[in-house]
Amino acid sequence: MSYKGIYKPSYPEKYIGDSKNIVYRSLWERKFMVYCDTNENIIKWSSEEIWVPYVSPLDNRVHRYFPDFFIKYKTSSGIIKESLIEIKPKRQVNGPDLTKKMTQKQMYEVKEYAKNQAKWKAAKEFCEDRRWDFQVLTEDNLGI
């Protein structure tokens, strides 16, 4: 089941962009939005406001990748850091099970995995250029 909606922040001044149009596409994304909004160590945050160019291995063309989140935060040692965050199910991060019979669904998963790997490689390089971090979080990281 897909969960989509508009998130209404308690602290709209922390949001970078239009705080009246924050869209979540999963309950995991919504949970992370609540965390960003209410955590006092998150200074600023945004959702799908930054794009990263990447070359898709499926068509060898440049596309735009919008990571789920940007956060500017203070670490426990007081250092200010910035990160791009992607929220994905663990099964999509680990890759498809290639021991199964190749079905249409399996082929789709293989293509999505390849595309995601290209996006994440581009995002890591994008972040390195800016001295940011890039992280892919799963349900394990979100405590679900």
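Visitor: Where is the place of asparagine 60?

Guide: In this predicted model, asparagine 60 sits in the loop between β4 and β5 (62-65).

Visitor: Why does asparagine 60 count as exposed?

Guide: The term exposed requires over 50% relative accessible area. Asparagine 60 has 65% relative accessibility, and therefore counts as exposed.

Visitor: Which loop holds glutamate 48, and what is its phi?

Guide: Glutamate 48 belongs to the loop between β3 and β4 (52-55). Its phi is near 55°, again a positive value in a residue other than glycine.

Visitor: Why is glutamate 48 called partly exposed?

Guide: Partly exposed covers the range between the buried limit, under 20%, and the exposed limit, over 50%. Glutamate 48 has a relative accessible area of 25%, so it is partly exposed.

Visitor: What makes serine 46 a buried residue?

Guide: A residue is buried when its relative accessible area is under 20%. For serine 46 the value is 2%, and it is therefore buried. Serine 46 is part of strand β3 (residues 42-47).

Visitor: Which residues are in contact with serine 46, leaving aside its neighbours within four places in sequence?

Guide: Serine 46 is in contact with Tyr15, Ile16, Asp68, Phe69 and Phe70.

Visitor: What is the strand order of the sheet that contains β3?

Guide: The order is β3-β6-β7-β8, in an open sheet of 4 strands with mixed pairing.

Visitor: Why are β3 and β8 called edge strands?

Guide: Strands β3 and β8 (133-137) each pair on one side only. The twist averages 25° from one strand to the next.

Visitor: How do you know that β7 and β8 pair?

Guide: Pairing requires at least two bridges between two strands. Strand β7 (residues 80-87) and β8 share 5 bridges, in the parallel sense. Within this region, isoleucine 85 stands opposite glutamine 135 in β8.

Visitor: Which strands does helix α3 touch, and which does helix α1 lie across?

Guide: Helix α3 (residues 104-130) packs on the sheet and touches β7 and β8, its direction making about 150° with that of β8. Helix α1 (residues 27-38) lies across β3, β6 (69-74), β7 and β8, and runs at about 150° to β3.

Conventions. Residues are numbered from 1 along each chain as its sequence is written. This is a predicted model: local features need pLDDT of at least 70, side-chain atom pairs count only at pLDDT 80 or more; totals for chains, interfaces and linings use all residues. Side-chain values use heavy atoms; hydrogens and water are left out. Helices (H or I, at least four residues) and strands (E, at least two) are DSSP runs, numbered from the N terminus. Buried means under 20% relative accessible area, exposed over 50%, partly exposed in between (1.4 Å probe, protein chains only). Contact means heavy atoms within 4.5 Å. Axes are lines fitted to C-alpha atoms, for helices over the stretch in contact, and angles run from 0 to 180 degrees between N-to-C directions.
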